[in-house]
Amino acid sequence: MEKEITFNHLRNAEAASYIKKRGDAYIALNGGRFANTQAHIKSIIIVILFVYVYKSGLVSAVWPAIIFSFLRGIMMGGIGFNIMHAAAHRSYSPYSLINKTLAFTADLVGWSMFQWNIVHNQEHHSYPNIDGHDNDVNNEPFLRQSPSQKRRWFHKYQHWYMYALYAISSLVILVNDIRRYFKGNTGMTQREHFVWLIGKALYCLLYLFIPFYLLEWKIALLGFLCMHVGLGLTLNFVFPLAHLSEDVAYPVPDESGVIDNNNRIHQIETTANFGADSIILELALGGLHLQQSHHFWPHVHERHYRGLNKIIQEGCTLYGIKSKSYKYWGGAFLSHYRHMRNMGRSDANLAIAA
Ligand SMILES: [Zn+2]
């Protein structure tokens with residue numbers, strides 16, 4: 001990490017306070033910040049579907065193995081979006097043990113609760129779209145994702161090859177997690193070491209030992225790779241669309257490390273929504289299509305995001321804050337594609353400097 005970042009909380013303070021007060025009142029009026037019974041039922045259905053596709057993928061026939069392993073990867077993404085993400089933000093349950101147990105699903109799908117907490121909860125949520133501080137916009141030298149990053153000759157092709165990188169991204173996350181762990185200096189407590197090791201043991205059992213024991217090794221390997229491709233594409237057809245588009249800000253701090261904006265308004269200006277009215281996205285993505293609400297209230301469960309989004313948009317209109325919402329998922333997908341194409345083709349620094 002580079003120099004410490006601070007925010008000028010006085011700028012846009014009135015807008016932030018207006019949105020915050022109205023949103024907090026809305027959350028209190030609608031049963032508090034945690035998941036409700038409907039969300040619990042959705043979680044159970046997702047786990048049942050995962051078990052079904054997991055079992056169905058343990059077959060020797062090539063095509064069913066490919067299809068169900070790919071679907072298993074998608075379901076792993078579904079668990080991440082709808083269960084793990086909320087639990088890791090402590091917005092699933094008022095009970096810490098339940099949140100920690102459900103956040104452990106990160107380890108079961110090949111990530112790590114410990115790393116997720118650092119990279120997502122701390123770095124990404126504290127400094128979205130700030131180059132050098134948000135890991136989600138730092139995949140140099142392979143991709144140029146932010147205007148302040150150096151452009152290399154091969155970036156002019158990145159809007160094509162990025163999909164290949166997205167397909168292997170969950171495997172890369174897994175490998176990086178293991179690499180970081182064995183490098184040492186993780187800062188983990190003894191308990192965190194234990195949880196990490198149990199997580200990796202269960203991951204190996206579910207996706208390596210059982211398939212390789214039951215199936216021919218070629219089919220087991222094929223299934224393993226298809227699963228990770230399914231997971232990688234699922235993650236990347238959702239997460240980057242909110243932050244890596246043409247219509248959001250990529251603020252640059254001044255020499256003292258100050259971003260000249262209120263942190264909460266920074267969160268809105270660096271984040272785009274998509275498909276706000278889509279019931280399908282609401283059911284599938286755990287609120288990640290309404291990430292402005294998520295970034296403004298990261299410790300509030302997704303069930304409130306639609307209502308909170310209306311409050312954010314009203315506040316933005318009232319105070320002249322730039323806010324971007326794509327009507328459909330496709331609009332956000334295309335904007336991400338164009339953003340990456342522009343980043344690869346032009347040196348123009350489009351960053352909104354602080
Ligand atoms: Zn989050």
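**Close-up views of a predicted model**

**View 1. Helix 3 and helix 4 cross in a left-handed way.** A crossing is left-handed if the near helix is turned anticlockwise from the far one by less than a right angle, and right-handed if clockwise. The contact uses Ile83, Met84, Ala87 and Ala88 from helix 3, and Asn99, Leu102 and Ala103 from helix 4. Two residues are in contact if their C-beta atoms, placed from the backbone, lie within 7 Å. Six of these residues are nonpolar, one is polar and none is charged. Here Ala, Val, Leu, Ile, Met, Phe, Trp, Tyr, Cys and Pro count as nonpolar, Asp, Glu, Lys and Arg as charged, and the others, Gly among them, as polar.

This is a predicted model: local features need pLDDT of at least 70, side-chain atom pairs count only at pLDDT 80 or more, and totals for chains, interfaces and linings use all residues. Residues are numbered from 1 along each chain as its sequence is written. Helices (H or I, at least four residues) and strands (E, at least two) are DSSP runs, numbered from the N terminus.

**View 2. Helix 7 (residues 158–183) packs against helix 15 (residues 329–345).** The angle is about 120°, and the axes lie 8 Å apart. Axes are lines fitted to C-alpha atoms, for helices over the stretch in contact, and angles run from 0 to 180 degrees between N-to-C directions. Helix 7 is therefore oblique to helix 15. Angles under 35 degrees count as roughly parallel, over 145 as roughly antiparallel, 65 to 115 as roughly perpendicular and the rest as oblique. Gln158, His159 and Met162 of helix 7 meet Tyr337, Met340, Arg341 and Gly344 of helix 15. The contact residues divide into three nonpolar, three polar and one charged.

**View 3. A cis peptide bond joins Glu140 and Pro141.** Omega is about 0°. Pro141 sits in the loop between helix 6 (113–126) and helix 7.

**View 4. Asn12 has a positive phi of about 60°, yet is not a glycine.** Asn12 lies in the loop between strand 1 (6–7) and helix 1 (13–29). Asn12 is buried, with 22 other C-beta atoms within 10 Å. A residue is buried if 20 or more other C-beta atoms lie within 10 Å of its own, exposed if 12 or fewer, and partly exposed in between; C-beta atoms are placed from the backbone.

**View 5. Arg90, a residue other than glycine, has a positive phi near 60°.** Arg90 belongs to the loop between helix 3 and helix 4. With 20 C-beta neighbours inside 10 Å, Arg90 counts as buried.
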